[in-house]
Amino acid sequence: MPYVSGFDRSQMMFCSWDTLVDEQSIARIIDAFVNSLNMNEYGVKVPSVEGRPSYNPKSMYKLYIYGCRKGIRSSRKLSESCKVNIEVKWMTGGIEPDFRTISDFRKENIDSLKKIFHEFNRRISGAVEWGFTSVDGSKMLANNSKDNNFTKNKLDDRIKWLNGHTEEYLRILSDMDEQEELEEIPENLTKETLEAKLKEAQERLARYEAYQKLMEDTGVSQLSLTDADARLMKNKNGFAVAYNPQTAVDSETHLIRDFAMTNQVTDHGLLETTMAGIKEETPTGIVEVVSDKGYEDAEDMINCLGQGIIPHVITDDGKDGYELEIPYKEVTEVDTTSIDPKELKKALHAGKIPEVYKDVISEMRVEEVRRKVVDEAGEKAEVCSAYGTPEEMQKRAKEGYFVRDPERNLVYCPAGEILRQKCIKKNGNIRYANKNACKHCKNRNKCYKGKNEWKEIDFTKDQLQKPCKDWLKAEGKAVEETKRKETWRFEKTNVVKFFLKPNREKTSQRMCISEHPFGTIKRAMGASYFLLRGIRKVAGEFALYCLGYNLERAKNLLGFNKMMELMEKG
């Protein structure tokens, strides 16, 4: 059976570059879109007129957008594509920039990429019909390994481990000096080897102590050495140093309407922030957003309602909605028919349901409640005196107390371990914990008897110690209660309480709307991690991913000819 014959390599061919590119290639849409852009509007840095001429910025943008859509992300691979990829040669006019030129231009003009993404959405907005919006986040790896990310508890463990090794090396060296003339020293345990190990351990110890001091002075909870903005986050594979980008996806077209780049570990409180840009684009209308239970935050939902955004946050099983509460403000006139944010806020605080919220808000009422108010001028807590040194605090802790150091913001436990701040509760109390220390603690049963758990203890800002009752009882000591003395009173105040009921029909569609873009970006486009460092640069890199996703999606929705028409019109 004969094979399909190819062309003769030695045959001469006369043709234009245009005939080598498919008539409906996405490269043609990218070319038309970028050619119609006014580079002056995006703050592109113009190089000096002296020296060698620079490359056209439009050619560089075409290269970035095309490479992102095709999964070609690194500067070296983009530089190679300029030499071997026919579509890239057609778009850029055959230029062959060096990989460093490609990298430097992207870093210097990274802020313009999000503006270009919004410009693309603006052009296709007239040809599509937007529905409601679904917001979701996903962890994308940063350019920072877990070994180069430190928490306070992690540094405490490493410093303790290195102190133990340093003491052991010193002990062995001392024994070797005493026995040097009496016994033969093994070849694999020479004095020079131990001194080298000791020096290395001391250098690492000094470095970790410097990291610890920096974190205590600046008050940061994590320290990333390679990418300072990246944070250790939990994902489906455990923990990773990552960012948490938020995408707002349209329900009708599945296009990404907007995004927000964050390094926040959880999604709490990010709903209103992510939707702010979309609300600005529709000032004369109300926008609706759906999200999962990770966005359950009362204050965030109230802020959304005040801005003209209806939040449909999925509820727990057995719940129909959320009981929300805001301060009551008496006003003379309220326009419940207006959708202006000022009027919406005024109506909510006055206890009146705006017309646009009739379907989602019910049972709105004004109630008089009693609130406990602490007199700040009153006497402070009568607790143990502030110990002068960490040694004195540890000595007191070993007597059976949790002793707090307010300056370093840590707590010493009776077992001699350090508990670090875990979170600040809504009532203002500070919660401390150390999961690793409790897991390996020999005195666990004296302090906490829970199975596979760890001790968590709350302190007010004025408390300096708390008794560990189980520890004191096990030691046969009396429990000394330390009570706070404060002057407080009850105050009567009026609040507005109402019930926010999400639309179940819309929330049921959340997963199929918001999960698809992240899956395409990570798998089809190969963008599960960021090449750049810093939250500002990462946001520009993610804008490329969103633009590449929307390009393909819009082409499938509108067709090639319509897309070319929209891109060329500008």
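User: Is D111 buried, exposed or partly exposed?

Analyst: This is a predicted model, in which local features need pLDDT of at least 70, side-chain atom pairs count only at pLDDT 80 or more, and totals for chains, interfaces and linings use all residues. Residues are numbered from 1 along each chain as its sequence is written, and side-chain values use heavy atoms, with hydrogens and water left out. Buried means under 20% relative accessible area, exposed over 50%, partly exposed in between (1.4 Å probe, protein chains only). D111 has 45% relative accessibility, so D111 counts as partly exposed.

User: With which residue does R536 form a salt bridge?

Analyst: A salt bridge is a side-chain nitrogen of Lys or Arg within 4 Å of a carboxyl oxygen of Asp or Glu. For R536, the closest N and O atoms of the pair are 2.9 Å apart. R536 sits in helix α18, and its partner lies 425 residues away, in the loop between α5 (99–108) and α6. Helices here are DSSP runs of H or I with at least four residues, strands are runs of E with at least two, and both are numbered from the N terminus. The partner is D111.

User: Which residue meets E541 in a salt bridge, and are the two buried or exposed?

Analyst: The N to O distance is 3.4 Å. E541 belongs to helix α18, while the other residue is in the loop between α2 (57–69) and α3 (75–84), 468 residues apart. Both E541 and R73 are buried. The residue that meets E541 is R73.

User: How are α6 and α18 oriented to each other?

Analyst: Helix α6 (residues 112–125) and helix α18 (residues 535–558) pack at about 20°, with axes 8 Å apart. Axes are lines fitted to C-alpha atoms, for helices over the stretch in contact, and angles run from 0 to 180 degrees between N-to-C directions. Angles under 35 degrees count as roughly parallel, over 145 as roughly antiparallel, 65 to 115 as roughly perpendicular and the rest as oblique. Therefore α6 and α18 are roughly parallel.

User: How many residues apart in sequence are the parts tied together by K293 and D316?

Analyst: K293 forms a salt bridge with D316, the closest N and O atoms being 3.5 Å apart. K293 is partly exposed at 40% relative accessible area, and D316 is partly exposed at 33%. K293 lies in the loop between β9 (287–291) and α10 (298–307), and D316 in the loop between β10 (309–313) and β11 (322–327), so the parts tied together are apart by 23 residues.

User: How many salt bridges does a search of the whole structure find?

Analyst: One network of salt bridges links D156, E216, R408 and R420. For the whole structure, the search finds 29.
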